[in-house]
Amino acid sequence: MLKPAILVDHIWWERAVPKAETVIKQALAAALAESGCADLLRRRVCHVAVSLADDARLHELNRTWRGKDKPTNVLSFPQYADAKALAGAPKGVPMELGDIVLAWETVAAEAACSYKPLAAHLAHLTAHGMLHLLGFDHEQDRAASRMRGAEIRALRVLGWPDPYRILHPPKRRRA
């Protein structure tokens, strides 16, 4: 059973995505279902912390933990290295899968630039972060393809389009 803890650190998240907590919970569950790890974690309480922060917080975390002196859209801090480590976790105790942190300004700008609803982009990045917590990686081609496929399937289950499909601006009607 997935038990997310959601912390809204930046007021604009609630203003722009009034149902952000629902979007996050659904995206976490869909990513877990599409990850291939659902059976492994069945009958276990799994905690995930999600923080809706801002660029300043992500900039600080990115600099501290990744050595990159800039903000980013999402960061994940997994407690387990991969599915094998997840399987080896002690039975009968709640599992702390890790933390996901999202940056308001970057996520909102990306959604606007790609003509996607903010809720869809939030769902995508939450699923992306969850897959990292489950041991997925996108640094190598084969692993990236597997992760991308899981993201696309998770978003499809939630009714969102392929997050990697390029969208074009809506056509303006002539007056």
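What is the volume of the largest pocket? In this predicted model, in which local features need pLDDT of at least 70, side-chain atom pairs count only at pLDDT 80 or more, and totals for chains, interfaces and linings use all residues, the largest pocket has a volume of about 620 Å³. Residues are numbered from 1 along each chain as its sequence is written, and side-chain values use heavy atoms, with hydrogens and water left out.

A pocket is here an open set of points on a 1 Å grid over the protein atoms alone, with protein on both sides within 12 Å along at least five of seven lines, whereas a cavity is a set of points where a 1.4 Å probe fits but cannot get out; lining residues have an atom within 4 Å of a point. Grid points are joined across faces, edges and corners, and a volume is the space filled by probe spheres set on the points. The largest pocket is lined by 27 residues, of which Val 74, His 128, His 132, His 138 and Met 147 are the closest to its centre. At least two lining residues come from each of H4, E3, H7 and helix H8 (141–157), where helices (H or I, at least four residues) and strands (E, at least two) are DSSP runs numbered from the N terminus. By class, this lining comprises 12 nonpolar, 9 polar and 6 charged residues, with Ala, Val, Leu, Ile, Met, Phe, Trp, Tyr, Cys and Pro taken as nonpolar, Asp, Glu, Lys and Arg as charged, and the others, Gly among them, as polar.

The count of cavities of 30 Å³ or more comes to 1, and the largest cavity holds about 80 Å³ of space. Its lining includes Lys 116, His 121, His 124, Trp 160 and Asp 162, and helix H7 (residues 118–133) gives the most to this lining, with 3 residues. The lining of the largest cavity divides into 6 nonpolar, 2 polar and 2 charged residues.

The structure also holds 2 aromatic pairs, a pair being formed by rings of Phe, Tyr and Trp (its six-membered ring) with centres within 6.5 Å, and counted as stacked for planes under 30 degrees apart, edge-to-face over 60 and tilted for the rest. Trp 13 and Trp 104 are arranged edge-to-face, at 5.3 Å centre to centre and 75° between the planes. Because Trp 13 lies in helix H1 (residues 11–16) and Trp 104 in helix H6 (residues 104–113), the pair ties together parts that are 91 residues apart in sequence. Trp 13, at 0% relative accessibility, is buried, as is Trp 104 at 12% (buried means under 20% relative accessible area, exposed over 50%, and partly exposed in between, with a 1.4 Å probe and protein chains only). The rings of Trp 65 and Phe 77, with centres 6.3 Å apart and planes at 70°, likewise form an edge-to-face pair, which links Trp 65 in helix H4 (residues 55–66) to Phe 77 in strand E3 (residues 74–78), 12 residues apart. Trp 65 is exposed at 61% relative accessibility, while Phe 77 is partly exposed at 21%.

Charges also sit over rings, a term that requires NZ of Lys or CZ of Arg within 6 Å of the ring centre and within 35 degrees of the ring normal. Arg 15 lies over the face of Trp 12 at 5.1 Å from the ring centre, and the charged end of Arg 148 is placed over the ring of Tyr 164, 4.1 Å from its centre.
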